[in-house]
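This report covers how the chains are built and how they meet. Please look over the sequence and the structure first.

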Amino acid sequence: MSRPMHDQDPPVGLRAHVLGAGALILLGVVLFVVACSTATGVREHIADRYAAAGTERVEGARTDSLVYTSSERPSRTAGEISGAVTPADRRVAPAGVFLRYDEDFVTVVPRAGGGSTIYVDAEDAGYRRGFVYLGGWWGTYSGRGESFRGGGPGGGK
Amino acid sequence: MSLRSLAATVLAVAVLAPAASAQTPLLAPEDAIDLAQELADAQAEQGVCYGWEVKGDVESTGSSTGGPDVPLAADATSCPRGFVRFSADVVYECSSCDNGDQVYVDIDASVPDPPTMDDMAELGYGSGDLAGDEDDQALIDMVGALPLLVAESGAAAPVPLERTAVPGADRPTRSPGSDVLRTVAPVAGVAAVVLLLGVGWLLYKVGEARQARKWRARPPTRRERTT
C-alpha cells in the first residue's frame, strides 16, 4: 500500500533554503558596510596621497584652503582624485580642473616647474577661487552676457 | 507608381527636407561666447590658437581668433606657436536603424605632442559624451581642456588661473549629496541586488513551505482515503 500523496513531499530542505537566503542577505549587508567603511572623503584621500604645501586664504573667504603638490600633470592628478573619490561634478578649463564634492571644491592647476598644485577649498572659498570658470555652473552668476572681446596678440609667454 | 503617389512623394520630400537638414545649435550663444573668450585668453597667454567645429545633427563653431561662429583661421602672426582644432561629427540614432549615436572626434594640431582623446579620457570625457544629456558641457570642457593639455605637454606656458571678485549675491548652489554614497554606489548597487535576491529567495521558499503545510493539513480526498 502506497502512502497518501500529502505525506510524500514534506518540507525537506527548507532549512537549507533559509540558510542559503540568509547567507545572501548577510553577504549583501557585509558588502555595503565594508564599502562604506573603506570609502574616504576627498580631504582624507588627498592628505594621504599628496605632499602638503601649507595653506592659503582666498580673498573674501571665511576659511583657509589646504594646498598640496603632485609630481603628476594636472589631468592625471585630477583623474586619480576623481577615480578614488567620485566627484558630483567636474569642469575642465584652460587653467585647470575643478572637482565638486559635497562640502569641498578641489582645484588642480599646473605647477611651475612641472607637476600640479592641488587646492582643497570649502565650498565658499572654492567658488571664489574658480568663479571665472564655475560661475553659472555650480552657483549663481550675475556677471554674464559679455560679448567676445578677443585675447589680443598671441604673446606666447 | 501612379502619378498621384509620385506627386505626393515629391511634395513630402519638399516639405520635410528643410526640417531634416536643420541643425540644432549645441551651445547656447552665451556659452559659445564664454568658451571663445577663454580660448582667446589662452591664445594671448600661449601663442597657440584654438578652435572647434561640430557638425552633423548638432552644430557649433568658434575660435580664439574670431569668436563664436567663426572658424579657426590660424596664421603665423596670431598663432606663433601653432594651432589646435577640435572637430566632431555627431549623428544621433535614427528611429528606424539599429545603430546607436555615432560620434567621430578629431583633434587636428600643429603643436608638438598634441592633445589626444586618451588625454580627454583621463579628464573623464569620451566622444560619446557629445551625444549625451550634457553634450554642451562635454563640448565646453573638452575644448576648454585643449590649452591645459598643450601646457602639460610642454608646448606652451600654462594659462594662469584667472581670479575676479565675486559679487556679493553670487554663491554656490545645490548640495551635491554624500561623497561616500556616490563613491560606493557601484558596490552598493551590487550589494542591494545580492540582498534582494536573498530576501526574494527567503520569501519564496517560506511561502512555498506554508502552502505545503496548508496542503498537508487539509482532509484527505476520497481517492487518498481509498488508496
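In chain B, 61% of the contacts between residues at least 6 apart in sequence join residues at least 24 apart. The corresponding share in chain A is 45%, counted over contacts with a separation of 6 or more. Both values come from a predicted model.

**The two chains**

Chain B has 227 residues, and 38% of these count as buried. Its secondary structure comprises 6 helices and 6 strands. Read from the N terminus, the order is α-β-α-β-β-β-β-β-α-α-α-α.

Chain A has 157 residues, with 39% buried. It holds 5 helices and 6 strands. Here the order from the N terminus is α-α-β-β-α-β-β-β-β-α-α.

**The sheet of chain A**

Chain A carries an open sheet of 6 strands. The strand order is β1-β2-β6-β5-β4-β3, and the pairing is antiparallel. At the edges stand β1 (51-56) and β3 of chain A, each of which pairs on one side only. Neighbouring strands are turned by 20° against each other on average, direction ignored.

One pairing in this sheet is β5(A) with β6(A), residues 116-122, joined by 7 bridges. Within it, Phe105(A) stands opposite Asp121(A) of β6(A).

Two helices lie across strands of chain A. α3(A) lies across β2 (65-70), β3, β4, β5 and β6 of chain A, and runs at about 10° to β4(A). The other helix comes from chain B: α4(B), residues 135-153, lies across β3, β4 and β5 of chain A. Its angle to β3(A) is about 60°.

**Strand pairing in chain B**

Strands of a sheet pair through backbone hydrogen bonds, either parallel or antiparallel. Chain B shows both kinds around β5(B), residues 83-91. On one hand, β5(B) runs parallel to β2(B), residues 49-56. In that pair, Lys55(B) has Asp89(B) of β5(B) as its bridge partner. On the other hand, β5(B) runs antiparallel to β6(B), residues 102-109. There, Ser87(B) is partnered by Asp106(B) of β6(B).

| Strand pair | Direction | Bridges |
|---|---|---|
| β2(B) and β5(B) | parallel | 8 bridges |
| β5(B) and β6(B) | antiparallel | 8 bridges |
| β5(A) and β6(A) | antiparallel | 7 bridges |

**Where the chains meet**

How many residues of chain A are in contact with chain B? The count is 74 residues of chain A, against 79 residues of chain B. Seven elements of chain A each supply at least two residues to the side that touches chain B: α1 (14-38), α3 (74-84), β3 (89-93), β4 (96-100), β5 (104-110), α4 (123-129) and α5 (131-134). α1(A) gives the most, with 15 residues. By type, this side of chain A divides into 34 nonpolar, 26 polar and 14 charged residues.

**A helix pair across the interface**

α1(A) also packs with a helix of chain B. The axes of α1(A) and α5(B), residues 179-217, come within 8 Å. They cross at roughly 165°. An angle over 145 degrees counts as roughly antiparallel, so α1(A) and α5(B) are roughly antiparallel to each other. Their crossing is left-handed. The residues of this contact divide into 25 nonpolar, 5 polar and 1 charged.

Terms used: Residues numbered from 1 in each chain as written. Chains lettered and ligands numbered in written order. Predicted model: local features only at pLDDT ≥ 70, side-chain atom pairs only at ≥ 80, totals over all residues. Contact = placed C-beta atoms within 7 Å. Helix = DSSP H or I, 4+ residues; strand = E, 2+ residues; numbered from the N terminus. Nonpolar A, V, L, I, M, F, W, Y, C, P; charged D, E, K, R; others polar. Pairing = 2+ DSSP bridges. Buried ≥ 20, exposed ≤ 12 C-beta atoms within 10 Å, placed from the backbone. Axes fitted to C-alpha atoms, helices over the stretch in contact; angles between N-to-C directions. Parallel < 35°, antiparallel > 145°, perpendicular 65-115°, else oblique. Left-handed = near helix turned anticlockwise from the far one by under 90°.
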